[in-house]
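Please examine the structure shown below.

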Amino acid sequence: MLEIETFMLGPAVTNAYLVHDPASDACAVIDPAWDGERILATARRRDWRIANIWLTHAHFDHLGGAAAIADGCEPPPPVALHPDDYPLWRAKGGAPLFGYDIDPGPEPTVELAHGQKLHLGEVEFEVRHAPGHTPGHVMFYCAAEGLMFCGDVIFQYGIGRTDMPGGDHQTLMESIRTQVLTLPDKTRLLTGHGSETTVGIERATNPFLQE
Ligand SMILES: [Zn+2]
Ligand SMILES: [Zn+2]
């Protein structure tokens with residue numbers, strides 16, 4: 001059973017997730033949103049060694065803490081990102097558009113692709129490409145644990161915004177239909193902002209998904 005610490009960090013109150021597999025002691029940060037020192041401090045207190053940084057997408061509020069985490073880990077954890085978001089990553093995740101200057105941290109070296117399998121110890125995650133909010137947005141689905149880290153694709157009673165560069169509403173809706181609603185209703189959705197929800201709750205109540 002994975003151990004998951006959730007942090008709500010930064011100017012957009014973004015959820016960062018510190019995920020640990022006790023069986024193997026493997027540990028990853030999914031979306032080191034902001035205040036990397038706080039994520040590091042929790043990892044140290046729990047004696048977890050961060051070995052991976054996985055990004056759902058390259059918006060600045062999902063990676064603003066990556067530099068501090070890389071500085072505090074030896075060796076610095078490799079950063080995984082879908083290549084369709086590399087241009088956004090190079091543009092500092094759009095931070096200048098919002099009046100912020102951030103250090104995006106180490107350059108991504110793990111190229112994510114749809115269908116790729118990532119592992120924390122023996123625990124497998126499937127990479128699901130879900131463009132629309134950004135071109136290279138991915139979600140990390142763990143079938144064994146019945147959960148998915150879904151970034152800014154879908155939220156409790158909401159969906160990701162598509163009015164920023166690279167966003168497209170129709171593409172996002174298609175991603176939700178094919179990559180979220182195809183999963184079992186009980187699948188937990190650990191979102192990039194706001195409260196946790198499930199596929200079943202959103203299928204039944206999300207105002208953007210009612211025909
Ligand atoms: Zn975003
Ligand atoms: Zn976000």
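Q: Why is the site of the zinc ion (ligand 2) called irregular?
A: In this predicted model, the 4 donor atoms of the zinc ion (ligand 2) form angles of 84 to 157 degrees.

Q: What makes a residue a donor of the zinc ion (ligand 2)?
A: Donors are N, O and S atoms within 2.8 Å of the metal. Asp61 (OD), His62 (NE2), Asp152 (OD) and His193 (NE2) lie 2.0 to 2.8 Å from the zinc ion (ligand 2), so they are its protein donors. Along the chain, their spacing is D-H-x89-D-x40-H.

Q: What makes the arrangement around the zinc ion (ligand 1) irregular?
A: The 4 donor atoms there subtend angles of 88 to 169 degrees, which makes the arrangement irregular. The zinc ion (ligand 1) is coordinated at 2.1 to 2.3 Å by His57 (NE2), His59 (ND1), His133 (NE2) and Asp152 (OD).

Q: Why do His59 and His133 tie together separate parts of the sequence?
A: His59 lies in the loop between strand E4 (52-54) and helix H2 (66-72), and His133 in the loop between strand E8 (123-129) and strand E9 (138-142), so the pair joins parts 74 residues apart in sequence. Both His59 and His133 are buried.

Q: Which residue bridges the zinc ion (ligand 1) and the zinc ion (ligand 2)?
A: Asp152 bridges the two ions, which lie 3.4 Å apart.

Note on methods. Residues are numbered from 1 along each chain as its sequence is written. Chains are lettered from A and ligands numbered from 1 in the order in which they are written. This is a predicted model: local features need pLDDT of at least 70, side-chain atom pairs count only at pLDDT 80 or more; totals for chains, interfaces and linings use all residues. Side-chain values use heavy atoms; hydrogens and water are left out. Donors are N, O and S atoms within 2.8 Å of the metal (3.2 Å for Na, K and Ca); water is not among the atoms, so sites may look incomplete. Four donors count as tetrahedral if all angles lie between 85 and 135 degrees; four count as square planar and six as octahedral if opposite donors are over 155 degrees apart and all others between 65 and 115; anything else is irregular. Helices (H or I, at least four residues) and strands (E, at least two) are DSSP runs, numbered from the N terminus. Buried means under 20% relative accessible area, exposed over 50%, partly exposed in between (1.4 Å probe, protein chains only).
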